[in-house]
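Please walk me through this structure in plain terms. I am new to it and would like to know what to look at.

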Amino acid sequence: MQDLLQQTLSGSAPAMTSGTLPNLRWQWLDEGILELTPLAPTQQAIAISAGIHGNETAPVEILNALITRLLQGEMLLAARLLVLYGNPPALRAGKRYLRCDLNRLFGGRWQQFENCPEAQRALRLEQALETFWQVGTHQETRWHLDLHTAIRGSYHTRFGVMPFSQRPWPDDFMQWLAAAGLEALVFHRAPGGTFTHYSSEHFQAASCTLELGKALPFGHNDLTQFQAAQQALAALISGEPLPSTGKTPRRYRVTQQITRNSERFQLHMSPETLNFTAFPQGMLLAEDGETRYFVQQAREYVLFPNPNVAPGLRAGLMLVEDNAHNAALSVDAAEPLQ
Ligand SMILES: [Zn+2]
């Protein structure tokens, strides 16, 4: 195995599916799925996924560069590592997905979409996580980082979306997210069909969907804007101390979801609306026949507005700031948007 990304884009299985290096064992499990095991004992089992959306190529390139260094023996491996390139056919096509948005299908939701090629893949990815974490000991720390780029521009260039969970978030996980250069964290208040919700709910993993910039085609990404994330990933994988950013991400929580339920759905935002744009109380955000969505709190921020989703799916999330947390941040980090 020389290059997992090239192998995955070729659409063929590698000639050799496993091997041993001085410091690690690797095993190719399926298209875009590679397991790396350090020869020395470890208590960390980390899943890192990218390309769940096939047009979000920068994180795949970043992750692939790290995996290539591991496979060439240029970097130490300090944790058990499962690498997953989410949607290989969509990566080859340069599209977000072929028929169904893969990141809405996890937790068995794929069963309702069996005519989508993505349904089969969601099941395969769920199985890969299950096998990976089942073989480990109970003391193992489970983390899942799912790397994305956003479709649109954003007031926070890099941010993380945390799945709904009632467990406290581990301190070292939160410190890693800050070291990865995330400016904001968004906390879900309800379960969802995302890959990170699945790993959190089913395997009690500390998981986060990282949005690392704007989506561009392969080869067109300015990888320097992803440097903090890449360095933090390298430190995590090789057990080195984390780079320090000195900044704590601002926190937001989801206060309402805008759902497209019919063909009559209208979103009252311009197509250029940036993520984390603020709207004042009382403003009409969207309407869908009789249903109308208004800003309910004094100030709400929009995330992932997209009127062109399939009926029944999320057309946007509205957020409020976690004021108690953000007030405690340093003055420069706590400056409100707009
Ligand atoms: Zn994405």
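**A glutamate and a zinc site**

The side chain of E211 comes to 3.3 Å from the backbone nitrogen of A150, in a polar contact (a pair of N or O atoms within 3.5 Å; within protein, one must be able to donate a hydrogen and the other to accept it, and residues adjacent in sequence count only if both atoms are side-chain atoms). The model is predicted: local features need pLDDT of at least 70, side-chain atom pairs count only at pLDDT 80 or more, and totals for chains, interfaces and linings use all residues. Residues are numbered from 1 along each chain as its sequence is written, and side-chain values use heavy atoms, with hydrogens and water left out.

E211 lies in strand β9 (residues 206–214); strands are DSSP runs of E, at least two residues, and helices are runs of H or I, at least four, both numbered from the N terminus. With a relative accessible area of 6%, E211 is buried, a term for under 20% relative accessible area (1.4 Å probe, protein chains only). Beyond its neighbours within four places in sequence, E211 is in contact (heavy atoms within 4.5 Å) with residues including H148, T149 and F304. An unreviewed UniProt entry places the feature "active site" at E211; such annotations may be inferred rather than shown by experiment.

H148 also belongs to the zinc site. The protein donors of the zinc ion are H53 (ND1), E56 (OE), E56 (OE) and H148 (ND1), at 2.0 to 2.4 Å; donors are N, O and S atoms within 2.8 Å of the metal (3.2 Å for Na, K and Ca), and water is not among the atoms, so sites may look incomplete. E56, in the loop between β4 (44–50) and α2 (58–71), and H148, in strand β6 (residues 141–150), are 92 residues apart. Both E56 and H148 are buried.

Notes:
Buried means under 20% relative accessible area, exposed over 50%, partly exposed in between (1.4 Å probe, protein chains only).
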